[in-house]
Amino acid sequence: MKTMKTEIITSAQNSKIKTLLELQEKSKARRREGLFVVEGARELLHCISTGYSVHSLFVCQDILSENALCEIQEALVGKPCGCFSIPKHIYEKVAYRGSTEGVIAELRCKSHSLADLAVKDNPLVVVLESVEKPGNLGAILRSADASG
């Protein structure tokens, strides 16, 4: 990465890669570390724009477009985080999605409670926990939308 100080990781046995994989696979690790994993430039930029802090950023420059890299760098100006450049073979090992953009990040969790919600009178509130399949979440959101 051009403007950020970046550490190059060349081994899948690197402790940062092992931690990233553990965060992806184990909710206990996510709770313990207070971190969660986001994959994809659009998703990462959305999280940053809504106030989430990036703990660590893993970039495969062979995959990530120059435009996406510039957008991410602009969004992270003045926001400290660890930046790691990883080769394609390691990225393919840690990437969750099949079609990927070349960026994965560890973000700091925020505390959310029902008391923090700003709701109107007589709201429809959907509370979900541990949704495992994106299709299930989509069905729930479509149902909530249909009910107004």
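## Basis of the model

The model is predicted, so local features need pLDDT of at least 70 and side-chain atom pairs count only at pLDDT 80 or more, while totals for chains, interfaces and linings use all residues. Residues are numbered from 1 along each chain as its sequence is written, and side-chain values use heavy atoms, with hydrogens and water left out.

## Overall architecture

The protein chain has 6 helices and 5 strands, where helices (H or I, at least four residues) and strands (E, at least two) are DSSP runs numbered from the N terminus. Read from the N terminus on, the elements follow the order β-α-α-β-α-β-α-β-α-β-α. The C-alpha trace of the protein chain spans about 55 × 30 × 30 Å along its principal axes.

Of the 148 residues in the protein chain, 30% are buried; buried means under 20% relative accessible area, exposed means over 50%, and partly exposed lies in between, with a 1.4 Å probe and protein chains only.

## Aromatic pairs

Rings of Phe, Tyr and Trp (its six-membered ring) pair if their centres lie within 6.5 Å, and planes under 30 degrees apart count as stacked, over 60 as edge-to-face and the rest as tilted. By this rule the count comes to 2 aromatic pairs. One of them joins Phe36 and Tyr52 in an edge-to-face arrangement, with 5.5 Å from centre to centre and 85° between the planes. Because Phe36 lies in strand 2 (residues 35-39) and Tyr52 in the loop between helix 3 (41-49) and strand 3 (54-59), this pair ties together parts that are 16 residues apart in sequence. Phe36 is partly exposed, at 21% relative accessibility.

Phe58 and Phe84 also form an aromatic pair, which is stacked, with 5.2 Å from centre to centre and 25° between the planes. Phe58 belongs to strand 3 and Phe84 to strand 4 (residues 82-85), so the pair ties together parts that are 26 residues apart in sequence. Phe58 is buried, with a relative accessible area of 0%, and Phe84 is likewise buried, with a relative accessible area of 5%.

## A charge over a ring

Tyr52 takes part in a further arrangement, in which the charged end of Lys110 sits over the ring of Tyr52, 4.4 Å from its centre. A charge is taken to sit over a ring if NZ of Lys or CZ of Arg is within 6 Å of the ring centre and within 35 degrees of the ring normal.

## Helix 3 and helix 4

The axes of helix 3 and helix 4 (residues 66-75) come within 10 Å and cross at roughly 15°; axes here are lines fitted to C-alpha atoms, for helices over the stretch in contact, and angles run from 0 to 180 degrees between N-to-C directions. Helix 3 and helix 4 are therefore roughly parallel to each other, since angles under 35 degrees count as roughly parallel.

At this crossing, Ala41, Leu44, Leu45 and Ile48 in helix 3 meet Ala68, Glu71, Ile72 and Ala75 in helix 4. His46 is also found in helix 3 and is exposed, with a relative accessible area of 52%. Between the C-alpha atoms of His46 and Ala75 there are 9.9 Å in space, although the two residues are 29 apart in sequence.

## Residues in loops

Most residues other than glycine have a negative phi. Asn122, however, has a positive phi of about 50° although it is not a glycine, and Asn122 is found in the loop between strand 5 (103-108) and helix 6 (134-146). Ser130, in the loop between strand 5 and helix 6, has a positive phi of about 55° and is not a glycine either. Asn122 is exposed, with a relative accessible area of 76%, and Ser130 is exposed, with a relative accessible area of 60%.

Pro80 has its place in the loop between helix 4 and strand 4 and counts as exposed, at 70% relative accessibility. Ser11, found in the loop between strand 1 (7-8) and helix 1 (15-25), counts as partly exposed at 32% relative accessibility. When residues up to four places away in sequence are not counted, Ser11 touches Ile17 and Ile90.

Technical notes. Parallel < 35°, antiparallel > 145°, perpendicular 65-115°, else oblique. Contact = heavy atoms within 4.5 Å.
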